[in-house]
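Good morning. Please have the sequence and the model open, and I will go through a few places where parts of the chain meet.

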Amino acid sequence: MGRYFGTDGFRGEANVTLTAEHAFMVGRFLGWYYHRLSGNKARILIGKDTRRSSYMFEYALAAGLTASGADAYLLHVTTTPSVSYVVRTEDFDCGIMISASHNPYYDNGIKLLNGRGEKMDETTISYIEDYIDGRLNLFGEQIDEIPYAVREDIGRTVDYAAGRNRYVGYLISLAVHSFRDVRVGLDCANGSAWMIAKNVFDALGAKTYVINAEPDGTNINQNAGSTHIEVLQEFVREQHLDVGFAYDGDADRCIAVDERGNVVNGDLILYIYGKYMKERGKLLNNTVVTTVMSNFGLYKAFDAAGIDYEKTAVGDKYVYECMQKYGHRIGGEQSGHIIFSKYATTGDGILTSIKLMEVMLAKKQPLSKLAEPVRIYPQVLKNIRVKSKPEAQNDPDVQAAVSAAAEVLGAAGRILVRESGTEPLIRVMVEAETEAICEHHVDQVLDVIRSKGHEMQG
């Protein structure tokens with residue numbers, strides 16, 4: 001990870017870790033950099049989620065871009081996958097999404113996408129970080145200050161809501177069945193999907209029931225969306241719905257709920273659609289890409305279905321890199337980032353919903369039946385806020401505790417300890433045959449982290 005940018009952008013508490021000045025500098029660099037690369041005025045796309053601070057960062061980025069001579073095209077409130085789609089289909093130099101995804105409202109982030117709608121490469125990100133730190137050396141020269149555009153070279157901002165509308169049309173075009181009379185629940189997390197998702201499902205004929213679609217700037221992800229799936233579970237049961245879909249703040253994730261109110265997470269989604277692709281001869285390389293966080297039960301179900309799998313580090317970025325390198329067609333994370341490489345270059349929650357609906361309608365089976373072959377092993381994941389992620393992770397006593405747990409678990413389970421890519425957290429996860437065994441080993445490791453003084457207080 002870089003000095004400012006993690007695995008999913010530059011993220012932190014608004015005006016504490018991530019400031020308006022940071023956003024202005026990111027805009028200044030990108031506007032200048034893409035002009036230097038091509039010799040043409042840069043065209044850069046900006047989308048944002050519903051956080052109060054997203055407006056501040058939108059204006060700061062636009063000011064930086066236009067001050068460097070770029071034109072800033074504003075999609076306004078929209079989803080991360082919509083920015084990716086518009087960037088790659090309408091010849092933009094790059095895209096910017098202002099969002100902290102599933103984080104609370106007071107955090108925000110800047111996600112950068114290249115001209116193909118993929119996450120920005122580490123080299124370009126390192127240049128931005130060097131510029132922020134005042135030590136940029138690029139194009140064979142030491143850059144002390146990026147020049148301001150003047151007169152007719154100053155950039156402009158362009159209202160580009162039409163791009164978002166084209167994305168909605170694209171999603172609708174991907175459905176191969178009418179959703180007529182299907183009772184669908186949508187939890188929009190008071191975030192980016194709050195208008196788009198309902199429009200798509202209504203256009204496809206579903207009887208759409210929506211919750212958490214009244215953003216006020218401070219309620220994004222608050223007891224809502226894919227990180228609070230229990231809200232949608234209750235709603236599906238109360239309303240006797242056929243299926244439910246929950247998104248996160250920027251709608252690049254989807255977690256589903258079946259007609260019984262049971263959770264269908266990213267692992268189950270990968271199984272359901274991966275198996276559907278295999279049955280139709282569409283699963284190139286006979287492989288689904290997962291991360292190390294995927295459940296034992298998923299791999300056992302893949303083995304039974306004759307499906308191969310890859311395991312990457314945690315992060316949809318790594319899933320996509322693996323898919324691109326080997327030509328795989330589907331991959332994702334347990335958290336609900338699912339990538340369909342034929343249709344998108346990033347996780348897309350609404351697209352994932354459409355694809356799950358496709359399997360249900362094509363096979364004329366409820367979601368519960370489609371997920372039935374997967375036996376999910378108990379899994380306990382706990383986070384601990386730490387002063388220094390590397391110091392906590394590399395502490396010899398912590399490592400010894402992890403090794404001891406792994407030895408006890410043997411082939412009947414596993415332990416995984418990793419650093420969060422976006423927050424000051426160490427994540428400890430154990431899978432085993434019972435939840436009690438999982439809890440025991442997770443708590444043992446957390447106790448060692450605390451006893452060694454790594455925990456961040458307050």
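This is a predicted model: local features need pLDDT of at least 70, side-chain atom pairs count only at pLDDT 80 or more; totals for chains, interfaces and linings use all residues.

Let me start with two helices. Helix α1, residues 20-38, packs against helix α4, residues 122-132, at an angle of about 125°, and their axes are 10 Å apart. The crossing of α1 with α4 is right-handed.

Which residues of α1 and α4 make the contact? From α1 they are His 22, Met 25, Val 26, Arg 28, Phe 29, Leu 30 and Tyr 33. From α4 they are Thr 124, Tyr 127, Ile 128, Tyr 131 and Ile 132. Sorted by class, the contact of α1 with α4 has nine nonpolar residues, two polar and one charged.

Next pair. Helix α3, residues 80-89, and helix α5, residues 161-174, have axes that come within 9 Å and cross at roughly 100°. Angles of 65 to 115 degrees count as roughly perpendicular, so α3 is roughly perpendicular to α5. On the α3 side we have Pro 81, Ser 82, Tyr 85, Val 86 and Arg 88, and these meet Gly 163, Arg 166, Tyr 167 and Tyr 170 of α5. The classes in the contact of α3 with α5 are five nonpolar, two polar and two charged.

The crossing of α6 and α11 is right-handed. Here Ile 196, Ala 197, Val 200 and Phe 201 of α6 meet Ile 350, Ser 353, Ile 354 and Met 357 of α11. Seven residues of the contact of α6 with α11 are nonpolar, one is polar and none is charged.

In soluble globular proteins, nonpolar side chains tend to be buried together. In this model, the largest nonpolar core has 69 residues, and Phe 245 and Tyr 247 touch the most other members. Helix α8, residues 266-279, gives the most to this core, with eight residues. There is also a second, separate core of 37 residues, with Ala 70, Ala 72, Leu 74 and Ile 98 among them.

On to helix α10, residues 316-326. Which of its residues are buried? They are Asp 316, Lys 317, Val 319, Tyr 320, Cys 322 and Met 323. Just after α10 comes Gly 327, which takes a positive phi of about 75°.

Val 380 is in strand β19, residues 379-385. Is Val 380 buried or exposed? Its relative accessibility is 5%, so Val 380 counts as buried. Leaving out residues up to four places away in sequence, Val 380 touches Val 428, Met 429, Val 430, Glu 435, Cys 438, Glu 439 and Val 442. Take Cys 438: it is 58 residues from Val 380 along the chain, yet their C-alpha atoms are separated by 5.7 Å.

Ile 143 is in strand β8, residues 141-143. With 7% relative accessibility, Ile 143 also counts as buried. Beyond its neighbours within four places in sequence, Ile 143 is in contact with Trp 32, Leu 136 and Leu 138.

That is the end of my list.

How values were computed:
Residues are numbered from 1 along each chain as its sequence is written. Side-chain values use heavy atoms; hydrogens and water are left out. Helices (H or I, at least four residues) and strands (E, at least two) are DSSP runs, numbered from the N terminus. Buried means under 20% relative accessible area, exposed over 50%, partly exposed in between (1.4 Å probe, protein chains only). Contact means heavy atoms within 4.5 Å. Axes are lines fitted to C-alpha atoms, for helices over the stretch in contact, and angles run from 0 to 180 degrees between N-to-C directions. A crossing is left-handed if the near helix is turned anticlockwise from the far one by less than a right angle, and right-handed if clockwise. Ala, Val, Leu, Ile, Met, Phe, Trp, Tyr, Cys and Pro count as nonpolar, Asp, Glu, Lys and Arg as charged, and the others, Gly among them, as polar. A nonpolar core is a set of buried Ala, Val, Leu, Ile, Met, Phe, Trp, Tyr and Cys residues joined through side-chain atoms within 4.5 Å. Angles under 35 degrees count as roughly parallel, over 145 as roughly antiparallel, 65 to 115 as roughly perpendicular and the rest as oblique.
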